[in-house]
Amino acid sequence: MAQVAYAGASRIYPGAHSVRAVDGLDLCAGDGEFLVLVGPSGSGKSTALRMAAGLEDVDEGTIAIGDRDVTQLPPKDRDIAMVFQSYALYPHMSVRENMAFSLKLRGMSKADVRVKVEEAADLLDLTQYLDRKPKALSGGQRQRVAMGRAIVREPSVFLMDEPLSNLDAKLRVETRANIAALQRRLATTTIYVTHDQVEAMTMGDRVAVLRDGVLQQCASPQELYGTPRNVFVAGFIGSPAMNLLTLPVDGGGVKLGELKVQLPVRAEQGEVTVGIRPESLSPVGAGEDGFDLQVQLVEELGADAYVHGTLAGHADKVVVRTDGRTPPKLGEAIRVAPCDTGEVHVFDPESGLRIGAE
Amino acid sequence: MTARTNRLGRGALTGLTWLVALLFVFPVIWMVVTSFKHEVDAATDPPTFAFTPTLEQFTTILDRGFLPYLANSAFVTGLSTLLVLLLGVPAAYALSLAPVKQTSNALGFFLSTKMLPIVAAIIPLYVISQNLGMLDNVWALIVLYAGMNLPLAVWMMRSFFLEVPTEMIEAARVDGAKLPTVLYRVVLPVVAPGIAATALICVIFAWTEFFYAVNLTAAQAGTVPVFLVGFITSEGLFWAQLSAAALLASLPVMIIGWVAQNHLVRGLSMGAVK
Ligand SMILES: Nc1ncnc2c1ncn2[C@@H]1O[C@H](COP(=O)(O)OP(=O)(O)OP(=O)(O)O)[C@@H](O)[C@H]1O
Ligand SMILES: [Mg+2]
């Protein structure tokens, strides 16, 4: 068991336009923690993970696993196991051989290897497939073999790069729960890369949000949702995304259409970016305080419906969550108000940083 | 499309396939048939299928000293192919899975060696062989055949190596394998069909090579193709004898091809089936 600590770690791909794929990353996954790296495509998640694995050079800074500086060590000396997005199983070996490969290389005795592999197979429900080749397995079973190959090693760190992205939606939900439970049981430090924020929010003890190789925020899922540190995190976490409107400040508040919304914090700026989640808005009766929304699109999801519309006299789109049983019609105008002013986020439009409450 | 037209279409396609296959295989069949004829039956016009089969031609050929030529061919083909694999596998690995800045130049260089027609090189090669005392020597052929097949083999094997998923190699490295282990336990088993296919092609090319052999060898190091031309004489063609000799000459390649068939098909279609 060990922690993984990135200290100012960068990976710069050389070339005419050198790419800072990971830029000065300071991040620590605590002992036994499940840390999720999330971010849009190309944000450097895989690169960061591969740096910890030793598959990618660390051009600046260091990476430590436990109390060892592993920056210069090859993968095999880092005591890590990795699960790849493509699973990367050895196609010419049976499931048993796939799982046994690393143990054999370590010189473990045949009998011990057998015991370990069978234990892992049992844990992952793979016992009946032990003698099959990977090509005779379903996607979900292959995924479990990849997990099995990682856990037989009893490494001090698991590194997983989008291990569920090749599974169908239902299996993904199931496997998500299984991996999370397994990790809790083994209490092995895990860094898990995903671009799926539901995975990030449901699995992670903490979630680190990356953008263009730069760490934006690393916090618990609740904190990330409740107090995003900047506009990017605010817009990235949550689905549908938070409504972000840049509005002039007038007497400690902003005007959303006819509605004056008091800001929860004092803003020095002339303009602020106000963030309100779709679920913090709701339709109100025609006479009540609120602003009018011209309905342009209604997404009905069953229990809820998301209404997309434009604010009268404003180009910005606003999304509102409404009751799925009585969704408004296209082209209608509805009156909307925030449920609670406490759920209004305020950001500096220049820097994008959250204003107030640290 | 209805099931019926579908079946009709498929029937037509099968028929067409048979037709094309027969077209290709007919000369071979004719060669086999002719080799069992007496010379007089072979020369009839129109050709006849009604004849008394005989092994006479084969015994004549063996009497004329076919076996040493066969041995030379086997030796040269085997060793040159081995040499190609020994040099080509590491080269293909380096040029595909461990590329450096000059990789594409190296590949271009390999290809460029095939651009000179061998006719243009034969006189210098002859002179060099003569100076080295290597005329009519199997080792000269081995080196030349290896050189002739190497570029093709490297290009072919490179394309197979490129199919190897990098993540699989990385997985092996994370699993604790060093480079030789990665190569022998993970990469080579995966590309084995491709290597087999490449080897087979090298064997075929070396076995059927004529130009170097006829110019650089004589009685000592002559290969089967050189032996075959011996039947084209000023008195005319001996069809039956020539057919028998040709049959014996192509038999080894056919057998190897037959044995390697499964590998070959898998190797050549490896890119298609993911
Ligand atoms: N070999 C390379 N050479 C140059 N740039 C690279 C290389 N590999 C990756 N990059 C760049 O580094 C950045 C980060 O890539 P990375 O694969 O880590 O993204 P990611 O967050 O994992 O994205 P995804 O969600 O699509 O997997 C990207 O901008 C990518 O273009
Ligand atoms: Mg990635």
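**Exercise 1. A strand pair in chain A**

Which residue of β17(A) does E299(A) stand opposite?

Solution. The model under study is a predicted one. Begin with the two strands concerned: β16, residues 291–300, and β17, residues 304–311, both of chain A, are paired antiparallel over seven bridges. Within this pairing, the residue of β17(A) that faces E299(A) is Y306(A). Five strands of chain A make up an open, antiparallel sheet in the order β15-β19-β16-β17-β18. At its edges are β15 (281–283) and β18 (317–323) of chain A, each of which pairs on one side only. From one strand to the next, the twist averages 50°.

**Exercise 2. The two faces of a strand**

Determine which residues of strand β11 of chain A belong to its covered face and which to its uncovered face.

Solution. Start from a general principle: the side chains of a regular strand alternate between the two faces of the sheet. Now apply the division to β11(A), which comprises residues 243–248. Its covered face consists of N243(A), L245(A) and L247(A), while L244(A), T246(A) and P248(A) form the uncovered face. Finally, identify a partner strand: β11(A) pairs with β14(A) in the antiparallel sense over six bridges. In β14(A), the residue opposite L247(A) is V272(A).

**Exercise 3. An arginine in a loop**

Is R277(A) buried or exposed?

Solution. First locate the residue: R277(A) belongs to the loop that joins β14 (271–276) to β15 in chain A. Then apply the cut-off, under 20% relative accessible area for a buried residue. R277(A) has a relative accessible area of 2% and is therefore buried. Its contacts come next. Setting aside residues up to four places away in sequence, R277(A) touches L224(A), Y225(A), P228(A), A234(A), I237(A), G238(A), M242(A), N243(A) and H345(A). As a separate distance, the C-alpha atoms of R277(A) and P155(A) are separated by 41 Å, and the two residues are 122 apart along the chain.

**Exercise 4. Two crossing helices in chain B**

At roughly what angle do the axes of helices α4 and α7 of chain B cross?

Solution. The helices are α4(B), residues 66–97, and α7(B), residues 138–162; their axes come within 6 Å and cross at roughly 35°. The crossing is right-handed. Sorted by class, the residues of this contact are 25 nonpolar, five polar and one charged.

One residue of α4(B) may be examined in detail. S80(B) lies in this helix, and it counts as buried because its relative accessibility is 0%. Apart from neighbours within four places in sequence, S80(B) contacts I142(B), Y145(B), A146(B) and A206(B).

Compare a residue in the loop between α4 and α5 (103–112) of chain B, namely P99(B). The cut-off for an exposed residue is over 50%; P99(B), at 51% relative accessibility, therefore counts as exposed.

**Exercise 5. A helix covered by both chains**

State which elements are included in what covers the buried residues of α8(B).

Solution. First list the buried residues of helix α8 (residues 166–174) of chain B: M168(B), I169(B), E170(B), A171(B), A172(B) and V174(B). Then turn to their cover. From chain A it includes α1 (45–53), β6 (80–83), α2 (95–105) and α4 (139–151), and from chain B it includes α4 and α9 (179–208). After α8(B) comes G176(B), with a positive phi near 110°.

Note on methods. Residues numbered from 1 in each chain as written. Chains lettered and ligands numbered in written order. Predicted model: local features only at pLDDT ≥ 70, side-chain atom pairs only at ≥ 80, totals over all residues. Heavy atoms only, no water. Axes fitted to C-alpha atoms, helices over the stretch in contact; angles between N-to-C directions. Helix = DSSP H or I, 4+ residues; strand = E, 2+ residues; numbered from the N terminus. Left-handed = near helix turned anticlockwise from the far one by under 90°. Nonpolar A, V, L, I, M, F, W, Y, C, P; charged D, E, K, R; others polar. Pairing = 2+ DSSP bridges. Buried < 20%, exposed > 50% of the residue type's maximum accessible area, 1.4 Å probe, protein only. Contact = heavy atoms within 4.5 Å.
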